Amino acid sequence: MPDRTDSIQADRPGRSLAWPWFLVVVIVYAGIIQGLGLLIGVDTSHSESQFPTTESLVRNALIPIGASILFAAAVVTWLGWWREVLHYRAPVRRWVRWVPISMIAVAVIGVNYGHLSDQSISLVVCLLLLGLFVGVGEELMFRGIGVQVFHRAGLTEGKVALYSSLVFGLVHVSNAFGEGAQAIVQALVVSTSGYFFYLCLRAGGIILLPMLVHGLWDTSLISNLVGDKPQASLGMVLIILLQVVLIIVLLVKRRTIEPAAPAVPN
């Protein structure tokens, strides 16, 4: 007799992808970013900035992440999952809508506009493209493919959120090649951000919303890191503060994310 996972997979279009194979896909995805970065990247060890020039941003980030987007899109196409990846039907209670609203507001406010005004137009344009690329690529891989993998495995939404967020955080450990032990802390922080992006997907029902939120979030953070000299801003404090507030809110209200069950008539 087929188990529940088999019946769920049979009811859904496209090919199946078991979670161990999803991890292989994620490893290849991370390998593309890190490998291309090593192959064509610009050495910025002499600079305090992560992206001191337009060339460094393009070669160290835009091209590798752009290639990873093509890979993720190819995987979705091969699986035949575009409809399910683009639209995720799992309603939540109304208060969850404040997660994307607050993240968008703080991200827009938190951009280091003063620092960016001192940079070249080409660097600022490439920064905006980087935010777009990161939002599209990472959301397509983790809130798109990842969420579908665990959802199709018959897991509850809580476990879908947890496992997809953990994988999202763990893949950032690959940054240890360039950032050392700091990447471990980053992975923990990114895991919580992944949970927030998952809630954005649930709140909007379409992957374009977490792509937008994620892109703005990273643009705001990276706006402090471009140019010859990085410059911290109050915006970074706001982003960190919101992350802490959201963690506290979710710990308190985690049992009220799912919609209330309809009353059963007597």
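Residues are classed by relative accessible area, with buried meaning under 20%, exposed over 50% and partly exposed in between (1.4 Å probe, protein chains only). The structure is a predicted model, in which local features need pLDDT of at least 70 and side-chain atom pairs count only at pLDDT 80 or more, while totals for chains, interfaces and linings use all residues. Residues are numbered from 1 along each chain as its sequence is written, and side-chain values use heavy atoms, with hydrogens and water left out.

A search of the whole structure for salt bridges (a side-chain nitrogen of Lys or Arg within 4 Å of a carboxyl oxygen of Asp or Glu) returned 5. In one of them, the side chains of Glu258 and Arg202 meet at 2.8 Å, N to O. Helices are DSSP runs (H or I, at least four residues), numbered from the N terminus. Glu258 is partly exposed, at 34% relative accessible area, whereas Arg202 is buried, at 3%. Through salt bridges with shared partners, Glu157, Arg202 and Glu258 are joined into one network.

A salt bridge also links Glu139 to Arg143, with an N to O distance of 2.7 Å. Glu139 and Arg143 are separated by about one helical turn, because they are 4 residues apart in helix H7 (residues 121–152). Glu139 is buried, with 0% relative accessible area, and Arg143 is buried as well, at 1%. Between Arg83 and Glu84, the closest N and O atoms of the salt bridge are 3.5 Å apart. Here Arg83 is exposed, at 60% relative accessible area, while Glu84 counts as buried, at 11%.

The second largest pocket has a volume of about 410 Å³. A pocket is an open set of points on a 1 Å grid over the protein atoms alone where a 1.4 Å probe fits, with protein on both sides within 12 Å along at least five of seven lines; lining residues have an atom within 4 Å of a point. Of its 15 lining residues, Tyr195, Leu250, Leu251, Arg254 and Ile257 are the closest to the centre. Helices H8 (157–171), H10 (182–204) and H12 (234–253) each supply at least two lining residues, and the largest share, 5 residues, comes from H10. By class, the lining holds 8 nonpolar, 3 polar and 4 charged residues.

Leu251 is in helix H12 and is exposed, with a relative accessible area of 52%.

Notes. Points joined across faces, edges and corners; volume = space filled by probe spheres on them. Nonpolar A, V, L, I, M, F, W, Y, C, P; charged D, E, K, R; others polar.
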